[in-house]
Amino acid sequence: AFDVLIVGGGPAASAAAVYAARKGIDTGIAVERMGGQVNDTLSIENYISVLETDGPKFSAALEAQVRHYGVEIMSQQRAVELIPATEPGGLVSVRMENGGTLKSRSVIVSTGARWRNVNVPGEQEYKNKGVAYCPHCDGPLFKGKRVAVIGGGNSGVEAAIDLAGIVEHVTLIEFADQLKADAVLVAKLGSLPNVTVRTNAQTTEITGDGNKVNGLSYKDRASGAEHTVALEGVFVQIGLVPNTEWLKGTVELSRFGEIVVDAKGQTNVPGVFAAGDCTTVPYKQIVIAAGDGAKAALSAFDYLIRTPEV
Ligand code: FAD
């Protein structure tokens, strides 16, 4: 059995692994695919001390550092169930899709999240070529250009407010007949001169010239009329889904499916910690996930030295 078993392999898991292994305790990683979301990231410009890097480079560097400390990486392992210890200080089990079960005195869950897709023609084709999901990450790439934000909930309206300060013009597209964001955000949005809001609007296609995005089509759900907007970027903001379906009923989750953690990354299950995009910690970013991973590992270590082994 491990002292610390980390489920996941993104920035949160990698930081947790480095911090745990440096304590000289038996550390393992079980992961579907090392690197996590950064694998799909073209350019990273906001990881402190690194002026610019790209996803594949960043993810290779994560893995190299984890391996440097002798952490056992078990790849292509999808966790499907967590079984809490039956007595205080006992072993926590994680059941894998392939039938195997891993046991550990403590577990750090860092299975991340995935952006919900709008599933219209052009979205997959133009991902990273104008179609984006993270305004903090990719907003500056559209400086002085025209963009649309799909989604009029809190994240969509926040994104539109954020982007309006950087880009030339923002069109906010909302499917329902009114914005669902908090009133204070909607009021702020309404005060901005370079934002147009389209409600009752169903996105039907993201168009491009073969290399990059050049427009968005939507249907006015009241009249049925089709409209097109010429633009250079589309931010899809219709939800971030945590990869926590496998924990339902075992670990406490928020109504958004995020693992509820305290300030030390502790979940409601003894010996089980969580870090990164899969948790209730706000602002889903690499630097935050990495910091949380380090914190969860230190908390796991603290738990191990205070909990008698059984
Ligand atoms: P993730 O990176 O999501 O990693 C989760 C890991 O868990 C993966 O390795 C996955 O394979 C594994 N996993 C999932 N489920 C299971 C399971 N059941 N069993 C085993 N393993 C599992 N942030 C920035 O700070 N700057 C940027 O420029 C930036 N750009 C981005 C661009 C894109 C296109 C995307 C999608 C995100 C971007 N982000 C950026 C956000 C950033 O990537 C995330 O905040 C960060 O990766 C979260 O790290 P994490 O370790 O919590 O989770």
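Visitor: By class, how many nonpolar, polar and charged residues does the shell around the ligand have?
Guide: This model is predicted. The shell around the ligand comprises 39 residues, and the closest include Gly10 and Cys137. Divided by class, the shell has six charged, 14 polar and 19 nonpolar residues.

Visitor: At what angle do helix α1 and helix α6 pack?
Guide: Two packed helices are described by the distance between their axes and the angle between them. Helix α1 spans residues 11–21 and helix α6 spans residues 286–306, with their axes 7 Å apart. Their crossing is right-handed. The packing angle is about 35°.

Visitor: By class, which residues does the contact of α1 with α6 have?
Guide: On the α1 side, the contact includes Pro11, Ala12 and Tyr19. On the α6 side, Ile286, Leu298 and Phe301 are among the residues that take part. By class, the contact has one charged, two polar and 16 nonpolar residues.

Visitor: Which residue in β13 stands opposite Thr207?
Guide: Three strands form an open antiparallel sheet in the order β12-β13-β14. Its edge strands, β12 (201–208) and β14 (226–230), each pair on one side only. The twist from one strand to the next averages 25°. Over seven bridges, β12 pairs with β13 (residues 213–220) in the antiparallel sense, and the residue opposite Thr207 is Gly215.

Visitor: Is the pairing in the sheet of five strands parallel or antiparallel?
Guide: Strands of a sheet pair through backbone hydrogen bonds, in either a parallel or an antiparallel manner. The open sheet of five strands has the order β8-β15-β9-β10-β11, and its pairing is parallel.

Visitor: Which residue in β15 stands opposite Val131?
Guide: The edge strands of this sheet are β8 (131–132) and β11 (195–198), each of which pairs on one side only. Strand β8 pairs with β15 (residues 233–236) over two bridges in the parallel sense. The residue opposite Val131 is Val234.

Notes: Residues are numbered from 1 along each chain as its sequence is written. This is a predicted model: local features need pLDDT of at least 70, side-chain atom pairs count only at pLDDT 80 or more; totals for chains, interfaces and linings use all residues. Two strands pair if DSSP finds at least two bridges between them. Helices (H or I, at least four residues) and strands (E, at least two) are DSSP runs, numbered from the N terminus. Axes are lines fitted to C-alpha atoms, for helices over the stretch in contact, and angles run from 0 to 180 degrees between N-to-C directions. A crossing is left-handed if the near helix is turned anticlockwise from the far one by less than a right angle, and right-handed if clockwise. Two residues are in contact if their C-beta atoms, placed from the backbone, lie within 7 Å. Ala, Val, Leu, Ile, Met, Phe, Trp, Tyr, Cys and Pro count as nonpolar, Asp, Glu, Lys and Arg as charged, and the others, Gly among them, as polar. A residue is near a molecule or strand if its C-beta atom, placed from the backbone, lies within 6 Å of it.
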